[in-house]
Amino acid sequence: MTDRIPPRTGSPLPRDFFLCGGLNLARSLLGKVLVRREGDRISSCVITETEAYMGVTDRASHAWGGRRTARTETMYRAGGVSYVYLIYGLYACMNVTSAQEGNPEAVLIRAGVPLSGRDVMLERLKRTSRAKKTVFPESPEGWSGEEWAGRLRGPGRLCAAMGITRADNGRELFSDPDFYLAEGCEVPKTVLTGPRIGIDYAGEDRDRPWRFVWDREADLSRE
DNA sequence: CGGCTGATCGTG
DNA sequence: ACGATCAGCCGA
């Protein structure tokens, strides 16, 4: 697949789609397509892994206890808005708000598989990677589909490949022509759930099964 | 593989 | 001071 031909990227899902609460949205974002455009360069990926952060009552959430600061402010916006923050001083992580205004439930996008724009993704990964040992291929074809999936596994890596930074915080994904979510081609059938990653500090909320993973291999083998 | 650790900086 | 991470290294 070449990246010279502009891919069909669909159109933004309507705002109503996002107003269903964190757990519902975390599930329904699986299989949807995240699209981002910088000038004439379009990148898109199919979302395969998410986590729900359930707002003021969730000890793992940035908004736990109603915490409302400059950083968390976008979490309180109505569904369909991007909440992008910097973690460990190094990586961007992207969430999507999911509830009514004032209710800071949000969904972290943890992984995807590239759909289009691998050329641009490879450029970005080369440019931003801190890894010394990683060998980057000359062209996107130098990585297999499985290797490409690995490059978009993890919230920081997905944002790096898609070019998402804190400058993208607060964008309205239901109306932004250059940053939006679109319907995918497949409907996930096999969805695994489990505890969220990296929140050992969250006490009684630590083990809640609010992580969702689309097992695409399982869906393929069952036809 | 599983576990540990350093990098790096905005936020509170 | 610490973190919704990542990559490299170490030992098994």
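1. Two strands pair if DSSP finds at least two bridges between them. Strands E2 and E5 meet this in the predicted model discussed here: 10 bridges join E2 to E5, and the two run antiparallel. In this pairing Glu 51 stands opposite Leu 108 in E5.

2. E2 also pairs with two other strands. With strand E1 (residues 33-38) it forms six bridges, again in the antiparallel sense, and Leu 34 faces Cys 45 of E2 there. E1 and E2 make a hairpin with two residues between the strands, where Gly 39 takes a positive phi near 60°. With strand E8 (residues 211-214), E2 is antiparallel over three bridges. Here Glu 51 stands opposite Arg 211 in E8.

3. Is E2 mostly covered or mostly open? It is mostly covered, since 12 of its 14 residues are buried. For chain A as a whole, buried residues make up 38% of the 223 residues.

4. Helix H3 (residues 118-128) has Arg 118, Val 120, Met 121, Leu 122 and Arg 124 as its buried residues. What covers them includes strand E2 (41-54), strand E5, helix H4 (145-151) and helix H5. As background, an α-helix has 3.6 residues a turn, so residues three or four places apart point the same way.

5. The overall fold should be read next. Chain A contains six helices and eight strands, in the order α-α-β-β-β-β-β-α-α-α-β-β-β-α along the sequence. Its radius of gyration is 17 Å, close to the 17 Å that the globule rule gives for 223 residues, so chain A is as compact as a globular protein of that length. The C-alpha trace spans about 50 × 40 × 35 Å along its principal axes. Of the contacts in chain A with a separation of 6 or more, 68% are between residues 24 or more positions apart.

6. Which residues lie around DNA strand B? They are Thr 69, Ala 70, Arg 71, Thr 72, Leu 86, Tyr 88, Gly 89 and Leu 90. By class, the surface near this DNA strand has four nonpolar, three polar and one charged residues.

7. DNA strand C has 27 residues around it, and Leu 108, Lys 133, Gly 154, Gly 156 and Gly 198 come nearest. Strand E4 (91-97), strand E5 (105-116) and helix H5 (155-162) are the elements that give two or more residues to this surface. Its classes are 14 nonpolar, nine polar and four charged residues.

Conventions. Residues are numbered from 1 along each chain as its sequence is written. Chains are lettered from A and ligands numbered from 1 in the order in which they are written. This is a predicted model: local features need pLDDT of at least 70, side-chain atom pairs count only at pLDDT 80 or more; totals for chains, interfaces and linings use all residues. A residue is near a molecule or strand if its C-beta atom, placed from the backbone, lies within 6 Å of it. Ala, Val, Leu, Ile, Met, Phe, Trp, Tyr, Cys and Pro count as nonpolar, Asp, Glu, Lys and Arg as charged, and the others, Gly among them, as polar. Helices (H or I, at least four residues) and strands (E, at least two) are DSSP runs, numbered from the N terminus. The radius of gyration is taken over C-alpha atoms; the globule rule is 2.2 Å times the number of residues to the power 0.38. A residue is buried if 20 or more other C-beta atoms lie within 10 Å of its own, exposed if 12 or fewer, and partly exposed in between; C-beta atoms are placed from the backbone. Two residues are in contact if their C-beta atoms, placed from the backbone, lie within 7 Å.
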